[in-house]
Amino acid sequence: SGKLCQHGTAETSQATLASVSPVFAVMKFDKEGNTTYFEKKKTELYQELGLQARDLRFQHVMSIATRNNRIIMRMEFLKAVITPEFLLILDYRNLSLEHWLLNELASQLAGEGQLVTYSLPFEFRAIEALLQYWISKLQGRLNTLQPQILETLEALVDPKLLSVDRSKLHVLLQNGKSLSELETDLKVFKETILEILDEEELIEELCLSKWTDPQVFEESTSGIDHAEEMELLLENYYRQAEDLANEARELRVLIDDSESIIFINLDSHRNVMMRLNLQLTMGTFSVSLFGLIGVAFGMNLESSLEEDPRIFWLVTGIMFLGSGLIWRRLLSFLGRHLEPPLPPHVPAVLKKSQPAAGRVEIKNNLKAETFGLSRT
């Protein structure tokens, strides 16, 4: 009775675990591009495919792996399992993939698209179709960000503007964040493919026809092995990802350079305002200094000077003339100390004793430095 009780408890627990197993909405594509839809529990699906439960544990990371003559591709929200006979797309209903799945993927697998691997086994077509879709998504994100970033930078880097539009800075901040996410996705894509390219065994494992039909695997219209075809396929999309990464890197350099220009313009305007404030302060000091004479004559003390009508104009002239002279002297002092320092003087003796070859070399070095500065 104890054994029967334990056996019943085990069956109850298994039934409970099976009942809570997630259900996948699956879209199946065969070699001819025919499409079928069905729903199946995770336990039933990985048992039917001969996989482990962890193989269908899809996360929002990109990876390409092989298990039991099956290719498992994870591209964030895109989850696919490739076999020599069919392609499975999992959990497609919750994603905006219906248009691509129904209108493009089926025709590409059937040979109506522009896939260069149509003459190769089915897994080549499936891998290329998925990689092409993901590269096109990354290219679309870059094409959306590039004009927005260039337009925002053109509006910000304007020498006529005395202040920076905060709304433009907010837009630039958002675009910079999106660009950083794109750069991260491109880096993960490149690392994933490069990890496969560095291992010859992984490339051969992606060729599923090697284990199902060796005769088909050995045939090749281009005269090279199918493993080399797979390597060329992966290198092609790695190069495309590298080109996109270079374009994104150029945008990042433009943003950094534009930020430097914005800070330089703001510092320049700030320096102008500080200089103007300093000049006004010196003018106020000059007027106040010679205003002491007027204060002295404005006291209610009697002297023989207030009886002369010419004293008022004399004192007023001295005040204005002295204030102007002091202000002019302070301005010249400020100008001397704010001028950039002159380059050091080269003695004539060194110029004459320098050989011709040395002068040519120094001249070439100066040209190279000037060319580098102009490019900068």
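Analyst: Asp198 is exposed, with a relative accessible area of 54%; exposed stands for over 50%, buried for under 20%, and partly exposed for what lies in between, using a 1.4 Å probe and protein chains only. You will find Asp198 in the loop between α5 and α6. Please keep in mind that this is a predicted model, in which local features need pLDDT of at least 70, side-chain atom pairs count only at pLDDT 80 or more, and totals for chains, interfaces and linings use all residues. Residues are numbered from 1 along each chain as its sequence is written, and side-chain values use heavy atoms, leaving out hydrogens and water.

A patch of negative charge on the surface gathers Glu191, Glu195, Asp198, Glu199, Glu200, Glu201, Glu205, Asp225 and Glu228. Two elements, α5 (166-197) and α6 (200-206), each give two or more residues to this patch. The top contributor is α6, with three residues. A patch takes residues with over 30% relative accessible area and no salt bridge, joining like charges within 9 Å and nonpolar side chains (Val, Leu, Ile, Met, Phe, Trp, Tyr) within 5 Å. Helices (H or I, at least four residues) and strands (E, at least two) are DSSP runs, numbered from the N terminus.

Asn175 has its place in α5, and it is buried, with 6% relative accessibility. What does Asn175 touch, leaving aside its neighbours within four places in sequence? Its contacts, meaning heavy atoms within 4.5 Å, are Leu145, Gln148, Ile149 and Thr152.

Helix α5 is also held in view by charged pairs. A salt bridge (a side-chain nitrogen of Lys or Arg within 4 Å of a carboxyl oxygen of Asp or Glu) joins the side chains of Arg141 and Asp185, at 2.7 Å from N to O. This pair links distant parts of the chain, with Arg141 in helix α4 (residues 122-156) and Asp185 in helix α5, 44 residues apart. Arg141 counts as partly exposed because its relative accessibility is 30%, whereas Asp185 counts as buried at 16%.

Another salt bridge brings together the side chains of Arg252 and Glu183, at 3.9 Å from N to O. The whole structure has four salt bridges. One of them pairs Glu48 with Lys40, whose closest N and O atoms are 2.5 Å apart; Glu48 is exposed because its relative accessible area is 53%.

Ser63 lies in strand β3 (residues 62-67) and is buried, with a relative accessible area of 19%. Not counting residues up to four places away in sequence, Ser63 touches Ile72, Met73, Arg74 and Thr192.

Met273, Leu276 and Leu280 make a nonpolar surface patch of about 310 Å². Met273 sits in α9 and is exposed at 55% relative accessibility. Leu280 also leads us to Trp327: their C-alpha atoms are separated by 9.5 Å, although the two residues are 47 residues apart along the chain. Trp327 is in helix α10 (residues 310-338) and counts as partly exposed at 35%. Its contacts, not counting residues up to four places away in sequence, are Gln279, Met282, Gly283 and Ser286.

Finally, let us step back to the whole protein. It has twelve helices and six strands, and buried residues make up 31% of its 376 residues. Of the contacts with a separation of 6 or more, 59% are between residues 24 or more positions apart. The protein exposes about 24700 Å², with carbon and sulfur atoms supplying 57% of that area; accessible areas come from the Shrake-Rupley method with a 1.4 Å probe, and for residues only the protein chains shown count as cover.

Key: Lys, Arg positive; Asp, Glu negative; His and termini not counted. Charge placed at Lys NZ, Arg CZ, Asp CG, Glu CD.
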